[in-house]
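Trainee: I have the model open and would like to go through it residue by residue, so please bear with some quick questions.

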Amino acid sequence: MKMKQPFETVVARHGATVLRVCRAVLGVHDADDAWSETFLAALRAYPDLPDTANVEAWLVTIARRKAIDVHRATRRNPLPVDELPDAPTALGIPDTDEADVWGFVGQLPDKQRHAITFRYLAGMSYAEIAAILGGTVDAARRAAADGLKKLKTNYPGAIMKGAGP
């Protein structure tokens with residue numbers, strides 16, 4: 001019988017993947033809140049998680065739902081500002097050399113954006129993606145392929161790590 005890992009180990013092992021998923025779905029600015037909410041919810045539910053569960057897929061599902069919650073809350077509560085900054089800063093934002101491509105990823109339709117995120121950032125199979133997004137394996141594969149095609153068309157510098165058939 002497989003024993004469940006301590007929750008701290010789960011956070012250490014999957015924290016970066018969950019953060020990448022949150023950033024891809026929400027953008028850099030709202031991702032930290034969704035990441036925190038994901039692990040708070042996971043901490044509460046972890047004792048009841050079966051020992052045989054795919055923890056990464058479970059966390060990605062929670063992250064996706066928390067990202068939707070943050071997205072909805074942001075839409076309901078706009079924050080007006082007096083002045084727009086002259087230019088965005090890269091201070092404290094890891095991987096800023098890829099920030100442009102994530103702006104284009106953020107403009108993709110939801111299914112394509114999520115399929116690309118789960119496939120190329122979380123390393124999930126199309127079957128796992130289909131289970132999370134709903135639909136078939138072929139639909140998940142098609143959504144990822146269509147999203148990549150749009151990225152290559154709209155953002156010529158978009159060469160995603162691990163992208164391929």
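Trainee: Which helix is glutamine 112 in, and is its side buried or exposed?

Mentor: Glutamine 112 belongs to helix H5, residues 110–121; helices (H or I, at least four residues) and strands (E, at least two) are DSSP runs, numbered from the N terminus. Its relative accessible area is 11%, so glutamine 112 counts as buried, the term meaning under 20%, with exposed over 50% and partly exposed in between (1.4 Å probe, protein chains only).

Trainee: And how many helices and strands does the protein come to?

Mentor: The secondary structure comes to 7 helices and 0 strands, which along the sequence reads α-α-α-α-α-α-α. Of the 165 residues, 35% count as buried.

Trainee: Okay, the core next. Which residues of the largest nonpolar core touch the most other members?

Mentor: That core has 41 residues, and Val21, Trp58, Leu59, Val60, Phe118, Met124 and Ile129 touch the most other members. A nonpolar core here is a set of buried Ala, Val, Leu, Ile, Met, Phe, Trp, Tyr and Cys residues joined through side-chain atoms within 4.5 Å. At least two residues of this core come from each of helix H1 (7–26), helix H2 (28–45), helix H3 (55–76), H5, helix H6 (126–133) and H7, and H3 gives the most, with 9 residues.

Trainee: What about phenylalanine 118, what does it touch?

Mentor: Not counting residues up to four places away in sequence, phenylalanine 118 touches Val21, Val60, Arg64, Gly123, Met124, Ile129, Ile132 and Leu133.

Trainee: Switching to rings: how many aromatic pairs does the count come to?

Mentor: The count comes to 4 aromatic pairs, where rings of Phe, Tyr and Trp (its six-membered ring) pair if their centres lie within 6.5 Å, and planes under 30 degrees apart count as stacked, over 60 as edge-to-face and the rest as tilted. Phenylalanine 7 and phenylalanine 39 have ring centres 6.3 Å apart and planes at 70°, so that pair is edge-to-face. Since phenylalanine 7 lies in helix H1 and phenylalanine 39 in helix H2, the pair ties together parts that are 32 residues apart in sequence.

Trainee: What else does phenylalanine 39 form an aromatic pair with?

Mentor: Phenylalanine 39 also pairs with tryptophan 35 in a tilted arrangement, 4.8 Å centre to centre and 55° between the planes. Tryptophan 35 is partly exposed at 26% relative accessible area, whereas phenylalanine 39 is buried at 6%. Ring pairs link Phe7, Trp35, Phe39, Tyr46 and Trp58 into a cluster.

Trainee: Which charged end sits over the ring of tyrosine 46?

Mentor: The charged end of lysine 4 does, 5.0 Å from the ring centre, and that of arginine 119 sits over the ring of tyrosine 126 at 4.1 Å from its centre. The rule asks for NZ of Lys or CZ of Arg within 6 Å of the ring centre and within 35 degrees of the ring normal.

Trainee: Now threonine 38: which backbone oxygen lies 2.7 Å from a polar atom of its side chain?

Mentor: It is the backbone oxygen of alanine 34, and threonine 38, found in helix H2, is buried at 0% relative accessibility. Threonine 38 also touches Val18, Cys22, Leu59, Ile62, Ala63 and Lys66, not counting residues up to four places away in sequence. Threonine 153, in helix H7 (residues 137–154), is instead exposed at 59%, and the backbone oxygen of lysine 149 lies 2.9 Å from a polar atom of its side chain.

Trainee: Last one: where does pLDDT stay under 50?

Mentor: That is residues 160–165, for which the model has 12 contacts beyond four places in sequence; pLDDT is the predictor's confidence in each residue, from 0 to 100. Where pLDDT is low, the predicted coordinates should not be read in detail. The mean for the protein is 82, and 79% of residues reach 70 or more.

Definitions and conventions. Residues are numbered from 1 along each chain as its sequence is written. This is a predicted model: local features need pLDDT of at least 70, side-chain atom pairs count only at pLDDT 80 or more; totals for chains, interfaces and linings use all residues. Side-chain values use heavy atoms; hydrogens and water are left out. A polar contact is a pair of N or O atoms within 3.5 Å; within protein, one must be able to donate a hydrogen and the other to accept it, and residues adjacent in sequence count only if both atoms are side-chain atoms. Contact means heavy atoms within 4.5 Å.
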